[in-house]
Amino acid sequence: MRIVIAGGHGQIALRLERLLAARGDEVAGIVRRPEQGDDLRSAGAEPVVCDLESASVEEVAELLRGADAAVFAAGAGPGSGTSRKETVDRGAAVLFADAAVRAGVRRHVVVSSMGADPAHPGDDVFDVYLRAKGEADAYVSGLDALDWTVLRPGALTNDAGTGRVRLEADTGRGAVPRDDVAAVLTELLDTPATAGLTLELVGGSTPVSVAVKSVAGN
């Protein structure tokens, strides 16, 4: 498969790129800065420089044409203010989805956040973040031209992955290693029957492949 990942230099994205490249997939990662390219190449991915905060839908669609799947893993990141939650966590996610529709790339996986909700109250930065992610998820899930899956991990850690998770519509709060998030994303890309699902993810006792097959109804 050819897979294009928005936010290609992120911690989850780099892990996902390594997994996909190791099994022979062709992976492109969209990054904002050229100097991030070496890290992607080391992970086995092709870096593509594009600023999703200023690019047009058509520009991003050109990057997506010919892909088998798209993954939105971009984020404004810790330390960014409320304005970038709007322009990246919501705006870039909407742009990327629209570009996928225009490019005819149906399979679309979104890395969201547990607690994302377009009606989330409050004005603190994290409140704005959860609201922006929720608005983006709602927009993507309303696009009939996409076979979308939204993944909402719990608190992310850099602990070594265990390969065992809890993946359900509602898991309750919990933490999950970024390694395991990347492993779940890999399985989701291979499991089109998860299209139309919004899933929460935390650490658990079920092997990743079994957990994904279970939510897919297999």
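## The largest pocket

How much space lies in the largest pocket? The answer is about 1100 Å³. Lining this pocket are 42 residues, and Ala73, Ala74, Gly75, Ala76 and Gly77 are the closest to its centre. The model is predicted.

Several elements contribute to the lining. Helix 1 (11-22), helix 4 (82-103) and helix 5 (125-141) each supply at least two residues, and so do strand 2 (26-31) and strand 7 (155-157). Helix 4 gives the most, with five residues. By class, the lining holds 19 nonpolar, 13 polar and ten charged residues.

## Helix 4 against helix 5

On the helix 4 side, the contact uses Thr82, Lys85, Glu86, Asp89, Arg90, Ala93, Val94, Ala97 and Asp98. Helix 5 meets them with Val125, Val128, Tyr129, Ala132, Lys133, Glu135, Ala136, Tyr139 and Val140. The contact divides into ten nonpolar, one polar and seven charged residues.

## Helix 3 against helix 4

Helix 4 has another partner in helix 3 (residues 57-64). Their axes come within 8 Å and cross at roughly 60°. Helix 3 and helix 4 are therefore oblique to each other. The crossing is right-handed.

From helix 3, the contact takes Val57, Glu58, Val60, Ala61 and Leu64. Helix 4 brings Leu95, Phe96, Asp98, Ala99, Ala100, Arg102 and Ala103. Nine of the residues in this contact are nonpolar, three are charged and none is polar. Asp98 of helix 4 takes part here, and Asp98 also meets helix 5.

## Helix 6 against helix 7

How do the axes of helix 6 and helix 7 cross, and at what angle? The axes of helix 6 (residues 178-189) and helix 7 (residues 208-215) come within 9 Å and cross at roughly 45°. That angle makes helix 6 oblique to helix 7. This crossing is right-handed.

Helix 6 supplies Ala183, Val184, Glu187 and Leu188 to the contact. Val208, Ser209 and Val212 of helix 7 meet them. The contact counts five nonpolar residues, one polar and one charged.

Notes:
Residues numbered from 1 in each chain as written. Predicted model: local features only at pLDDT ≥ 70, side-chain atom pairs only at ≥ 80, totals over all residues. Heavy atoms only, no water. 1 Å grid on protein atoms, 1.4 Å probe; cavity = no way out; pocket = protein on both sides within 12 Å on 5 of 7 lines; lining within 4 Å. Points joined across faces, edges and corners; volume = space filled by probe spheres on them. Helix = DSSP H or I, 4+ residues; strand = E, 2+ residues; numbered from the N terminus. Nonpolar A, V, L, I, M, F, W, Y, C, P; charged D, E, K, R; others polar. Axes fitted to C-alpha atoms, helices over the stretch in contact; angles between N-to-C directions. Parallel < 35°, antiparallel > 145°, perpendicular 65-115°, else oblique. Left-handed = near helix turned anticlockwise from the far one by under 90°. Contact = heavy atoms within 4.5 Å.
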